[in-house]
Amino acid sequence: MLGFLRKKKERHGPFVYLSEPTFLYHTKTEKAILELIEEKFNSNNILVPSDYGLRDTSGRIKDAEIFVAVAPLGKFTSLVGREVKLAQELGKPVYTLLIARDKDGLVYVWVEGIPEEIEWLSPEETQAFSFKFAHDEYMAYLKTGLFVGSRKREW
């Protein structure tokens, strides 16, 4: 209610630019990613794209000391791919955070640079991937019951 009275968390560490697909905005996965970045780089000085909605933040890549690209299921969405290419052109150190599912939940794997097996999606492929991703999550939600809630949803 009186959020403006709350003391802002003091930022420390290198400036990290996070590039993630929009379907991860404001999710448990995004929160986990931020914790992983803070742990790996000893920094909470992170540009979180979901804080800016759908506004373009790529102009801030030039200020970043570290660039982190998120690749769910080994795929860069078109937006993430575009930002990765810009970071490379600017000579920024790029780290890829691969996210996959296993039977126990989500698995996060850090890779310095960009793994060769990354799939770079076009805008059309990104739209299809996002739709399938949302559909799969919605179906998982329905299977567990609308009123009981889903304990299996990890994203």
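This is a predicted model: local features need pLDDT of at least 70, side-chain atom pairs count only at pLDDT 80 or more; totals for chains, interfaces and linings use all residues.
**View 1. Leu 18 and its contacts in the largest nonpolar core.** Once its neighbours within four places in sequence are left aside, Leu 18 is in contact with Ile 33, Leu 34, Ile 37, Ile 46, Leu 47, Pro 49, Val 68 and Val 70. The largest nonpolar core has 19 residues, and Leu 18 is listed with Ile 33, Ile 37 and Val 68 as those having the most contacts inside it. Two or more residues of this core come from each of strand 1 (16-19), helix 1 (28-41), strand 3 (66-72), strand 5 (94-102) and helix 3 (123-144). Another core lies apart from this one and has 15 residues, among them Tyr 17, Ala 87, Val 94 and Leu 98.

**View 2. The whole protein chain, as a setting for the close-ups.** The secondary structure of the protein chain comes to three helices and seven strands, and, read from the N terminus, the elements follow the order β-α-β-β-β-α-β-β-β-α. Of the 155 residues in the protein chain, 39% are buried. When contacts between residues at least 6 apart in sequence are taken, 72% of them join residues at least 24 apart. The accessible surface of the protein chain amounts to about 9,900 Å², and carbon and sulfur atoms account for 54% of that surface.

**View 3. Ile 66 in strand 3.** Ile 66, which lies in strand 3, has a relative accessible area of 10% and is therefore buried, the cut-off being under 20%. Leaving aside neighbours within four places in sequence, the contacts of Ile 66 are with Pro 14, Phe 15, Val 16, Tyr 17, Phe 41, Pro 93 and Tyr 95.

View 4. His 26 lies in the loop between strand 1 and helix 1, and its phi is positive, at about 55 degrees, although the residue is not a glycine. With a relative accessible area of 62%, His 26 is exposed. Asn 42 is placed in the loop between helix 1 and strand 2 (46-47); this residue, again not a glycine, has a positive phi of about 50 degrees. Asn 42 is likewise exposed, since its relative accessible area is 54% and the cut-off is over 50%.

**View 5. The lining of the largest pocket.** The largest pocket, with a volume of about 260 Å³, is lined by Lys 9, Arg 11, Leu 34, Glu 38, Asn 44, Ile 46, Val 48 and Asp 51. By residue class, the lining divides into three nonpolar, one polar and four charged residues. Leu 34 and Ile 46, which are among the lining residues, are also among the residues in contact with Leu 18.

**View 6. Gln 127 in helix 3.** Gln 127 lies in helix 3 and, at 60% relative accessibility, counts as exposed. The C-alpha atoms of Gln 127 and Ser 78 are separated by 9.1 Å, while along the chain these residues are 49 residues apart.

Conventions. Residues are numbered from 1 along each chain as its sequence is written. Side-chain values use heavy atoms; hydrogens and water are left out. On a 1 Å grid over the protein atoms alone, a cavity is a set of points where a 1.4 Å probe fits but cannot get out, and a pocket is an open set with protein on both sides within 12 Å along at least five of seven lines; lining residues have an atom within 4 Å of a point. Grid points are joined across faces, edges and corners, and a volume is the space filled by probe spheres set on the points. Ala, Val, Leu, Ile, Met, Phe, Trp, Tyr, Cys and Pro count as nonpolar, Asp, Glu, Lys and Arg as charged, and the others, Gly among them, as polar. Helices (H or I, at least four residues) and strands (E, at least two) are DSSP runs, numbered from the N terminus. Buried means under 20% relative accessible area, exposed over 50%, partly exposed in between (1.4 Å probe, protein chains only). Contact means heavy atoms within 4.5 Å. Accessible areas come from the Shrake-Rupley method with a 1.4 Å probe; for residues, only the protein chains shown count as cover. A nonpolar core is a set of buried Ala, Val, Leu, Ile, Met, Phe, Trp, Tyr and Cys residues joined through side-chain atoms within 4.5 Å.
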